[in-house]
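User: I've got a model open and would like a quick tour. Can we go through it piece by piece?
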Amino acid sequence: MNKKTVKYVDEALGELIVVNDFLPGPEELVLKEKTIKVTLSLSQDSVAFFKKAAKKNHTQYQKMIRVLIDKYVDKYKKTG
């Protein structure tokens, strides 16, 4: 490991820019969507695809399918 010594100086920093807080508040991070349980038959290939993708991305395959359906609905809700 290469350690570098930090040298502190007492000089002006120059012009500073204030950046507005752009992060969501905690209350926006914990909202849970209302969901409803359904029974749905899918092809083995589709489920295998989502399970593999979910494992690779460290998430749940059911959540990936739900997000996909939600995006589909959002797109077609806007077009009528």
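User: Which residue with a positive phi follows H2?
Analyst: His58 follows H2, with a positive phi near 55°. This is a predicted model: local features need pLDDT of at least 70, side-chain atom pairs count only at pLDDT 80 or more, and totals for chains, interfaces and linings use all residues. Residues are numbered from 1 along each chain as its sequence is written, and side-chain values use heavy atoms, with hydrogens and water left out.

User: Where does His58 lie?
Analyst: His58 is in the loop between H2 and H3. Helices here are DSSP runs (H or I, at least four residues), numbered from the N terminus. His58 is not a glycine, yet its phi is positive.

User: Is His58 buried or exposed?
Analyst: Exposed, because its relative accessibility is 75%. The cut-offs are under 20% relative accessible area for buried, over 50% for exposed, and partly exposed in between (1.4 Å probe, protein chains only).

User: Back to H2. Which of its residues are buried?
Analyst: Val47, Phe50, Ala53 and Ala54. Seen down the axis of H2, these buried residues fall within an arc of 135°, so they line one face. The arc is that of the directions from the helix axis to the C-beta atoms.

User: What covers the buried residues of H2?
Analyst: The cover includes helix H3 (61–79). Contact means heavy atoms within 4.5 Å.

User: New topic. What volume does the largest pocket have?
Analyst: About 670 Å³. A pocket is an open set of points on a 1 Å grid over the protein atoms alone, where a 1.4 Å probe fits, with protein on both sides within 12 Å along at least five of seven lines. Lining residues have an atom within 4 Å of a point. The volume is the space filled by probe spheres set on the points, which are joined across faces, edges and corners.

User: Which lining residues are closest to its centre?
Analyst: Of the 17 in the lining, Ile36, Lys37, Val38, Gln62 and Arg66 are the closest. H3 gives the largest share of the lining, 7 residues.

User: Last one: how far is Ile17 from Thr79?
Analyst: Their C-alpha atoms are separated by 42 Å. Ile17 is in the segment before helix H1 (26–29).

Definitions and conventions:
Helices (H or I, at least four residues) and strands (E, at least two) are DSSP runs, numbered from the N terminus.
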